[in-house]
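This briefing sets out selected features of one structure, grouped by topic.

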Amino acid sequence: MVSKSSPPSPAPAPSLLRRIVDFDTAISLRLYTLTHPILPYYFLKTLEISGDGFLFFPLVLSLLLYPLAFSDSKNSNIFLINLLLGGILDLIVIGPLKHLIRRPRPVYNKNMFLSFAVDHWSFPSGHSSRVSMIATLFYLSSDFIRDVLIQLQYDLIVDYLMLIVIGWAATTSCSRVLLGRHFVFDVIAGVLLGILEGLFVFQIFNYVTLTSFFK
């Protein structure tokens, strides 16, 4: 009597998280593949450099140490300190998250300079969080910035500055996927975290400032 072997058990269905990651990987590769031959590399690289911490921190510190950068030194210092604290908070939040989650970057990511060990990991996007934090603080400080531009007789760009900053932040965030540095969900998470960081720093710092003023 010949024994019949039991049929192989079906493979377990992928988990919801696995399906989300697979979808994110596929759509990110699709966007990269479609735009890679079209968008010039130097344009995407310029956006990358513009949102890099190695440019952000020296620039903010230089303006903060130069009291004549704006006509209203008190308000300008508050704004620049907000930016500096936002940048520090961004490092504190993004670095541990990258190390904890440890999502590898896209396999097609090429010619990337790694500043820190956590830069090996992809989720969330530090560039996206940083530029979104900057755009959020610019938006929340728009009244002050508008007054400064008027005093400096830059009236022509007053009405367009917010659009320029927000457009820069959005374009830089998108470029992370198109340059092959990140997946789409990395960028979305970075943008959301950056907005929260900007809101947190603005509210906390201004609360402390007001509390100190009325003591």
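Helix axes are lines fitted to C-alpha atoms over the stretch in contact, and the angle between two of them runs from 0 to 180 degrees between N-to-C directions. The model described here is predicted. In it, α5 and α8 pack with their axes 9 Å apart, at an angle of about 170 degrees. Angles over 145 degrees count as roughly antiparallel, so α5 is roughly antiparallel to α8.

**Packing of α5 against α8**

- On the α5 side, the contact is made by H127, S128, V131, S132, I134, A135, F138 and Y139.
- The α8 side of this contact consists of L161, M162, V165, W168, A169, T172, S173 and R176.
- By class, the contact of α5 with α8 comprises ten nonpolar residues, five polar residues and one charged residue.

**Packing of α2 against α8**

- Helix α2 spans residues 41–50, and its axis comes within 9 Å of that of α8, crossing at roughly 120 degrees.
- This angle makes α2 oblique to α8.
- The crossing in which α2 passes α8 is left-handed.
- From α2, the residues F43, L44, L47, E48 and S50 meet W168, T171, T172, S175, R176 and L178 of α8.
- Five nonpolar, four polar and two charged residues make up the contact of α2 with α8.
- W168, T172 and R176 of α8 take part in the contact with α2 and also in the contact with α5.

**The second largest pocket**

- The second largest pocket holds about 390 Å³ of space.
- It is lined by 18 residues, of which L59, L83, I134, F138 and W168 are the closest to its centre.
- The lining divides into 14 nonpolar, two polar and two charged residues.
- At least two lining residues come from each of α3 (53–64), α4 (73–101), α5 (126–140) and α8 (161–178).
- The greatest contribution to the lining is that of α3, with five residues.
- I134, F138 and W168, named among the residues closest to the pocket centre, also belong to the contact between α5 and α8.

- Most residues other than glycine have a negative phi, and most peptide bonds are trans.
- R102, a residue other than glycine, has a positive phi near 55 degrees.
- R102 lies in the loop between α4 and α5.
- The peptide bond joining F123 and P124 is cis, with omega about -5 degrees.
- P124 is likewise placed in the loop between α4 and α5.

Conventions:
Residues are numbered from 1 along each chain as its sequence is written. This is a predicted model: local features need pLDDT of at least 70, side-chain atom pairs count only at pLDDT 80 or more; totals for chains, interfaces and linings use all residues. Side-chain values use heavy atoms; hydrogens and water are left out. On a 1 Å grid over the protein atoms alone, a cavity is a set of points where a 1.4 Å probe fits but cannot get out, and a pocket is an open set with protein on both sides within 12 Å along at least five of seven lines; lining residues have an atom within 4 Å of a point. Grid points are joined across faces, edges and corners, and a volume is the space filled by probe spheres set on the points. Helices (H or I, at least four residues) and strands (E, at least two) are DSSP runs, numbered from the N terminus. Ala, Val, Leu, Ile, Met, Phe, Trp, Tyr, Cys and Pro count as nonpolar, Asp, Glu, Lys and Arg as charged, and the others, Gly among them, as polar. Angles under 35 degrees count as roughly parallel, over 145 as roughly antiparallel, 65 to 115 as roughly perpendicular and the rest as oblique. A crossing is left-handed if the near helix is turned anticlockwise from the far one by less than a right angle, and right-handed if clockwise. Contact means heavy atoms within 4.5 Å.
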